[in-house]
Amino acid sequence: MKKLRWATDGGFWEVDLSTAVTVDGVARPAPEDPIPLGLSRGTRLSRPKQIDFFQRFMSMPFVPSFSNSNGLSFHRLISLPLPPDTWFSTLVGRFDVRKFTSSLPPRQRPRQQQEDSDASFLHTVWTHLLNPGFYALNFCSEWLLTPEDTLLLSLEKHGSSHDTIPRKKAVLHHKFFDHNLTIEAASPTLFVDSLGNYWDVPFTLGLDFASLPSSDSGMSSHFCINHTSGSPHKYDTTPVSVPVPPSLLPGLCAKCAVSFKNNFDIWRSQAPKTKLVQPYDIFLSNPHISASAIIGTVITASLGENSVRAKAADGWFGFQAKGPNSAISADLFATASLSAQHGNFQKLFLDLTRINARVDVPSMSKFVVGASRLAVDLYNSRQAPSVEAIQFICPSASLSIQQQICGPLSFRIDCGVSVDMTKKKEWWYMNVINDPVYAAEYALQVLGSAKAVAWYSPKQREFMIELRFFET
């Protein structure tokens, strides 16, 4: 039931973000902020179904998670006895361990009163276990209305003092032949900005119509309309003065994008695989070196307070027109990626090494203008190009490295990098702009292409265990 946004067919669309802050496990990045890295993107399988799989088939009594606001938490799911073919209903409970342990009083155990002290401490523990402030509940129902239509209803309630408003969500998903239509209403909706701050928007309503993601070359299209109302406020109540991202302010925003993608193989191994040995993941069993390029255009129209956008120093954003409380803009974007793999992921040790690199140019007009100015300065030789001019045309990039350790277990790291020319007295200009995300992946060989992923983000200070199918 996850919205299949342009996670692969264009790196500039708003993909969902996995988070341990809520029981639902999903947040949305603030529009026009950098997209989350591959490991921290929302999975295609809903969080209740992930927990249900872990309990049924991997014998996990509790699924752990960690977040900066909630600390260590344990999740447990109860399946409601409803017709399983067309109706999937669950109740997920979360127990916040850190809040519970920090609330317990220190034990005083004098020898002569040890038995009384133990009994009193157990009574205190039991009393605290009954405190609803340490729990959060999420009720989720998915109905298969027709073979092409699915309806999801979700209600989440936290017992903590800083998140007392119930979270309600309704999602209608319709599958066309080669497009997906998603209509979603949520109150409140959890967003995260580029600095890692979480924001609650009181109400959002969105329509999303997109062509199905494809690994083949060709054209892709995407259209969405989003409406937000109410004043955003920080999810965490820490007294830190942080400005609200302009894109989260009340208003209506429509976005349409079209992109063209071209894939080509530089090299692909023709060597036979080991016979009678199934790869740990069938999608990771072909050594290759391949590349892809995407170029597209996006048109954005906004009406309301969210039409205010932070401008760059030169004020250039391609085509742009602004009114008193509205704005429309158009620009080109481009991305290029390179993927290399060694090994068939069949042997017991070190039979898989994967590297994926992607370079993003989110605004082609800004890049062309900056490159033109730099070229003119060099041609006229009036003065040496400034560091700011060179920095202006440097694109951002992301890097993913995966290495098999033993059997189905592998280690992976995703990070975003950029060139920082402002570093003086340093010879190394590469700068990690997004703190790396570390993960241990365990391939579920019997399912062909599935894996349990345990990842940790130092920037968000979050840890999650997720289940992912047919994802590389």
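Start with the largest nonpolar core, a set of 14 residues. Select Ile51, Phe54, Met60, Val63, Val92, Leu444 and Leu467, the residues with the most contacts inside this core. Keep in mind that the model is predicted.

Now colour by element. Helix 1 (47–57), strand 23 and strand 24 (462–469) each give two or more residues to this core. Helix 1 gives the most, with 3 residues.

Next, select Leu17, Ala27, Tyr198 and Tyr235. They are among the 7 residues of another core, which lies apart from the largest one.

Move to Phe66. Find this residue in strand 3, which covers residues 63–67. Show its surroundings. Leaving out residues up to four places away in sequence, Phe66 touches Ala20, Gly71, Leu72, Arg461, Glu462 and Phe463. Pick Arg461 from that group. Phe66 and Arg461 are 395 residues apart in sequence, but 7.7 Å apart in space, C-alpha to C-alpha.

Last stop: Gly448. Look in the loop between strand 22 (430–443) and strand 23 (450–457). Gly448 is buried because its relative accessible area is 11%, under the 20% cut-off. Which residues is Gly448 in contact with, leaving aside its neighbours within four places in sequence? Select Gln278, Tyr280, Asp281 and Ile282 to see them. Then draw a C-alpha to C-alpha line from Gly448 to Asp281: the two are 5.7 Å apart in space and 167 residues apart in sequence.

Terms used
Residues numbered from 1 in each chain as written. Predicted model: local features only at pLDDT ≥ 70, side-chain atom pairs only at ≥ 80, totals over all residues. Heavy atoms only, no water. Helix = DSSP H or I, 4+ residues; strand = E, 2+ residues; numbered from the N terminus. Buried < 20%, exposed > 50% of the residue type's maximum accessible area, 1.4 Å probe, protein only. Contact = heavy atoms within 4.5 Å. Core = buried A, V, L, I, M, F, W, Y, C linked by side-chain atoms within 4.5 Å.
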